[in-house]
Amino acid sequence: MNGSTALLTDHYELTMIQAALASGHADRPCVFEAFARRLPDGRRYGVVAGTGRILEALRDFRFGEDELAFLRERQVVDGRTLGWLADYRFSGDVWGYAEGEVYFPGSPLLVVESTFAEGVVLETLVLSILNHDSAVASAASRMTAAAGDRPCIEMGSRRTHEESAVAAARAAYIAGFGSTSNLEAGRRHGIPTAGTAAHSYTLLHDAERDAFANQLASLGPGTTLLVDTYDVSGAVEVAVELAGPRLGSVRLDSGDLVGQAHEVRAQLDRLGATGTRIVVTSDLDEHAIAALQAAPVDRYGVGTSVVTGSGHPAAGMVYKLVSRQGSAGVMEGVAKASKDKASVGGRKFALRRRRPDGVAQAEIIGIDERPQDDGDDRELLVRLIKRGQVVAPTDAPSAREHHAMARAELPSRALRLSHGDPAIPTTYLDDWS
């Protein structure tokens with residue numbers, strides 16, 4: 001992300017600061033938390049993604065001359081507030097779930113300890129990244145779980161905003177996708193990239209044979225040939241004739257994928273191309289991938305469904321003030337009481353309660369105190385920022401490794417694609433016995 005990120009925010013964040021400065025409440029110590037009240041319908045767990053991007057964006061959260069000039073011209077805030085924004089540097093502490101962690105309703109995914117003004121101005125930036133990336137990662141995790149040991153390729157760049165495509169590729173990689181078609185994601189985040197040819201390349205040539213021959217001559221026999229432009233069986237025969245048994249892969253992008261995969265596998269084996277892999281694409285989601293597990297498929301290419309959260313493009317997270325310093329100088333829990341949007345006041349601490357065999361049993365949330373580890377448990381909140389300085393890793397590979405660990409400790413019911421309750425309950429400390 002280039003340049004200042006300070007205006008990636010909502011108008012009312014700044015007018016709240018103006019009012020708080022005027023009232024003398026702007027410097028009141030506060031605690032903000034990001035959490036989800038519920039999981040999207042049908043999901044058994046969610047995946048935290050975007051934390052690294054938030055930390056990197058916070059480094060560039062500065063109101064420079066261009067940003068201040070815009071705010072002044074539009075009269076968004078007064079002169080005093082512009083002066084405060086010009087000097088803005090986040091100096092507080094941030095705790096959160098490690099990127100790649102799984103979460104459940106009520107999980108305190110991000111805990112911001114700062115003054116009111118320093119913390120409130122981050123709300124939109126935090127939620128825009130966290131909601132998008134976590135939605136993609138949550139969908140991607142279901143897909144990679146359904147795929148088992150068969151690799152998934154993220155290829156949804158053409159189905160979303162150009163910058164969202166880069167973020168989505170990163171989130172999918174964290175959740176287990178092996179590669180992406182997006183080159184910018186490869187450059188920024190070190191994700192392996194993959195891709196060969198589309199139908200237009202075949203249609204460019206006078207004959208499919210010419211297209212295959214030219215692709216093989218340029219890219220070598222290990223390439224992937226797209227065999228469903230015309231007749232699949234005929235294309236497979238030509239592909240093996242030209243490439244021999246060393247042909248890397250064939251790709252199927254339409255029709256009855258399960259039936260075609262069986263037919264193509266049998267044909268490849270008859271032709272001696274027993275090592276040639278079968279790649280399937282065509283509007284796959286986690287349910288289609290699960291159905292294809294019975295077919296001789298070697299890898300999946302997923303586009304629209306992964307970059308749009310497979311029907312849930314936002315994770316439903318909110319960012320709320322949960323504690324503030326009262327007039328007596330003591331921190332006090334505060335909470336919304338609105339119908340259907342109630343929150344729980346107080347600074348939260350979180351523990352993953354696990355059985356002796358390491359399987360997750362419950363999400364234990366302490367309010368203003370840490371839940372006690374019974375010896376098999378795992379603390380979930382890690383320090384991300386200390387006195388304004390980022391102290392946690394922001395790279396995708398670290399988050400990917402963490403996700404593999406976190407998902408592995410979930411009970412088997414977490415991986416079911418049928419509708420059901422969250423895989424483990426969220427229990428507040430006073431309710432646990």
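Q: What share of the contacts in the protein chain, counting those with a separation of 6 or more, comes from residues 24 or more positions apart?
A: A contact simply means heavy atoms within 4.5 Å. Here, residues 24 or more positions apart make up 73% of those contacts. Before we go on: this is a predicted model, where local features need pLDDT of at least 70 and side-chain atom pairs count only at pLDDT 80 or more, while totals for chains, interfaces and linings use all residues. Residues are numbered from 1 along each chain as its sequence is written, and side-chain values use heavy atoms, with hydrogens and water left out.

Q: How many helices and strands does the protein chain have?
A: Helices (H or I, at least four residues) and strands (E, at least two) are DSSP runs, numbered from the N terminus. In this chain they come to 15 helices and 19 strands. If you put a box around the C-alpha atoms along the principal axes, it is roughly 85 × 60 × 35 Å.

Q: Which residues does UniProt give for the domain "Nicotinate phosphoribosyltransferase N-terminal"?
A: With record features, keep in mind that positions are in the numbering used here, feature names are shortened, and annotations may be inferred rather than shown by experiment. The UniProt entry, which is unreviewed, puts this domain at residues 7-131. In the model, that stretch is 43% helix and 18% strand, and its end C-alpha atoms lie 18 Å apart.

Q: Is helix H2 (residues 51-59) mostly covered or mostly open?
A: To read this, check each residue of the helix for burial. H2 is mostly covered, with seven of its nine residues buried. Those are Thr 51, Gly 52, Arg 53, Ile 54, Leu 55, Ala 57 and Leu 58. The cover includes strands S3 (93-97), S17 (381-386) and S18 (389-390), along with helices H6 (123-147) and H7 (162-174).

Q: At what angle do helix H10 (residues 208-219) and helix H11 (residues 232-243) pack?
A: Axes are lines fitted to C-alpha atoms, for helices over the stretch in contact, and the angles run from 0 to 180 degrees between N-to-C directions. Under 35 degrees counts as roughly parallel, over 145 as roughly antiparallel, 65 to 115 as roughly perpendicular, and the rest as oblique. H10 and H11 pack at about 40°, with axes 10 Å apart, so they are oblique to each other.

Q: Is the crossing of H10 and H11 left-handed or right-handed, then?
A: A crossing is left-handed if the near helix is turned anticlockwise from the far one by less than a right angle, and right-handed if clockwise. H10 passes H11 in a right-handed crossing. From H10, Glu 208, Arg 209, Phe 212, Ala 213 and Leu 216 take part, meeting Ala 235, Val 238, Ala 239, Glu 241, Leu 242 and Ala 243 of H11. For residue classes, Ala, Val, Leu, Ile, Met, Phe, Trp, Tyr, Cys and Pro count as nonpolar, Asp, Glu, Lys and Arg as charged, and the others, Gly among them, as polar. The contact of H10 with H11 has eight nonpolar, no polar and three charged residues.

Q: How do the axes of H11 and helix H12 (residues 257-270) cross?
A: They cross at roughly 30° and come within 10 Å, and the crossing is right-handed. H11 brings Val 232, Ser 233, Val 236, Glu 237 and Val 240, and H12 brings Gln 260, Val 264, Gln 267 and Leu 268. This contact of H11 with H12 has five nonpolar residues, three polar and one charged.

Q: What is the phi of Ser 282?
A: Most residues other than glycine have a negative phi. Ser 282, not a glycine, has a positive phi near 80°. You'll find Ser 282 in the loop between strand S10 (277-280) and helix H13 (286-292), and it is partly exposed at 27% relative accessible area. Asp 368 also has a positive phi, about 65°, without being a glycine. It sits in the loop between strand S15 (360-367) and strand S16 (378-379), and at 51% relative accessibility Asp 368 is exposed.

Q: Which residues is Val 382 in contact with, leaving aside its neighbours within four places in sequence?
A: Val 382 touches Val 94, Trp 95, Gly 96 and Ala 98. Val 382 is part of strand S17, and is partly exposed at 32% relative accessibility.

Conventions. Buried means under 20% relative accessible area, exposed over 50%, partly exposed in between (1.4 Å probe, protein chains only).
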